[in-house]
Amino acid sequence: MSALLRAVNVGATLGHRPILGGVDLSVAAGEMVVVIGPNGAGKTTLVRRLAGLLDGDGAVYLGDQKVEAVAPRLRARKIGYLPQGHVFHWPLSVADVVALGRIPHGTGAGELGGVDRVAVLAALEATGTLDLADRTVTTLSGGERARVALARVLAGEPQIILADEPVAALDARYQFLVLDLLRARAKAGAAIVAVLHDLSLAARYGDRIVLMKDGRIAAEGAPAAVLTHENLAATFGIRAAIETLEGRLVVTPQAAL
C-alpha cells in the first residue's frame with residue numbers, strides 16, 4: 001500500500017526540551033493506526049507534527065510533497081485534525097460549528113451549497129449529534145462537544161484523519177460508536193491515526209499499533225505483536241492480563257510494577 005502520510009526521522013523540541021526524536025512512520029489508505037504510550041511519551045507532539053502544526057527535525061510528507069509545502073487550503077482538505085480537549089470559545093450553534101469543516105472546500109457556515117449541506121448532515125447523523133444541531137455548542141457536555149468536534153472534521157471529508165484521544169470524554173457506548181465510525185472511514189479508503197489510552201480498545205480497532213516511549217517508537221506492528229507483557233512492563237510499568245476472548249485481544253491492566 002502506498003503511504004498517504006509519511007514521517008521520516010521526525011523530531012520536535014518544545015521549550016529547548018526534546019519531545020520527539022528519530023520517528024519514522026507511514027500511514028496508508030485503508031489503514032487505522034493506533035498510537036499508545038504513557039503520559040509524556042510524545043503522542044500528541046507526533047500527531048501535531050504529522051498535521052504540519054509543529055516544526056522540527058526530519059520531514060513529513062503528504063503524498064510526494066513535504067506537508068509544509070502544501071497550500072494551507074489543500075492541506076486542510078486532505079488532513080482532518082481532531083485535537084484533544086474539544087474546547088469551543090464561541091457560542092455558535094452545533095450546525096454552524098460542523099459547517100466550519102467545509103471551509104477548506106471554499107464555503108463556511110451560513111453559505112453552504114448543496115454538496116456542503118449533504119456533508120454536514122451526514123457528519124451530524126454519523127456522530128449522533130443531529131438532535132443537537134440547534135444547540136449552542138458552549139452549553140454541551142464534554143462528551144457531546146467531543147462528538148461535535150469529530151463531526152466538524154468528518155464534514156470536511158478528509159483523506160487523512162489525525163485524532164488525538166477522540167474518545168477520552170465519551171461513555172462506553174459512544175466510545176464504540178466513534179471508533180466504529182473511524183474504522184469505517186478507514187475501510188472506505190481513508191488513513192486514520194488515533195491516539196488512545198484504553199489498551200483493549202487499541203487492540204480492537206488498530207490495524208497497526210505504534211507504542212511510544214520517551215519520544216520514540218518502542219514497538220510497532222499488529223496488536224498481538226506489540227501488546228505483550230514485556231512491552232507493557234517496559235513502557236507503562238504495569239503488569240497486565242492479556243487474553244483472547246471471542247476472537248478479540250483483551251488487555252486488562254492489573255498492577256503497577
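Select glycine 11 and display what surrounds it. Apart from neighbours within four places in sequence, glycine 11 is in contact with Leu20, Gly21, Arg49, Asp55, Gly56 and Asp57 (contact means heavy atoms within 4.5 Å). The model you have open is predicted: local features need pLDDT of at least 70 and side-chain atom pairs count only at pLDDT 80 or more, while totals for chains, interfaces and linings use all residues. Residues are numbered from 1 along each chain as its sequence is written, and side-chain values use heavy atoms, with hydrogens and water left out.

**Stop 1**

Is glycine 11 buried or exposed? Glycine 11 is buried, with a relative accessible area of 2% (buried means under 20% relative accessible area, exposed over 50%, partly exposed in between, with a 1.4 Å probe and protein chains only).

Next, select glycine 21, in strand S2. Glycine 21 is ten residues from glycine 11 in sequence, and their C-alpha atoms are 4.0 Å apart. Glycine 21 is buried too, at a relative accessible area of 14%.

**Stop 2**

Colour strands S2, S1, S4 and S5. In that order the four strands form an open sheet with antiparallel pairing (two strands pair if DSSP finds at least two bridges between them). Which strands are at the edges? The edge strands are S2 (17-28) and S5 (65-66), each of which pairs on one side only.

Select residues 3-14 and 59-62. These are strands S1 and S4, which run antiparallel and are joined by four bridges.

**Stop 3: helix H1**

Move to residues 43-50, which form helix H1. This helix is mostly covered, with six of its eight residues buried. The buried ones are Lys43, Thr45, Leu46, Val47, Arg49 and Leu50. Arg49 is also one of the contacts of glycine 11. Just after H1, pick glycine 52, which takes a positive phi of about 80°.

**Stop 4**

Select residues 32-36, strand S3, where five of the five residues are buried. Both faces are covered: Met32, Val34 and Ile36 lie on one side, Val33 and Val35 on the other.

S3 runs parallel to strand S8 (residues 191-195), and four bridges join the two. Four bridges also join S3 to S9, again in the parallel sense. Which residues are the bridge partners of valine 35? In S8 the partner is valine 195, and in S9 the partner is valine 210.

**Stop 5: the S9-S10 hairpin**

Follow S9 (residues 208-213) to S10 (residues 216-221), an antiparallel pair with five bridges. Valine 210 has glutamate 220 as its bridge partner in S10. The two strands form a hairpin with two residues between them, and aspartate 214 in the turn has a positive phi of about 55°.

**Stop 6: threonine 127**

Threonine 127 sits in the loop between helix H4 (114-126) and helix H5 (142-155). Threonine 127 is buried, with a relative accessible area of 5%. Not counting residues up to four places away in sequence, threonine 127 touches Arg147, Leu150, Ala151, Leu154, Tyr174 and Leu181.

**Last stop: the whole chain**

Zoom out. The protein chain has nine helices and twelve strands. Its radius of gyration is 18 Å, close to the 18 Å that the globule rule gives for 257 residues, so the chain is as compact as a globular protein of that length (the radius is taken over C-alpha atoms, and the rule is 2.2 Å times the number of residues to the power 0.38). The C-alpha atoms fill a box of roughly 55 × 40 × 35 Å along the principal axes. Buried residues make up 47% of the 257 residues. Of the contacts between residues at least 6 apart in sequence, 64% join residues at least 24 apart.
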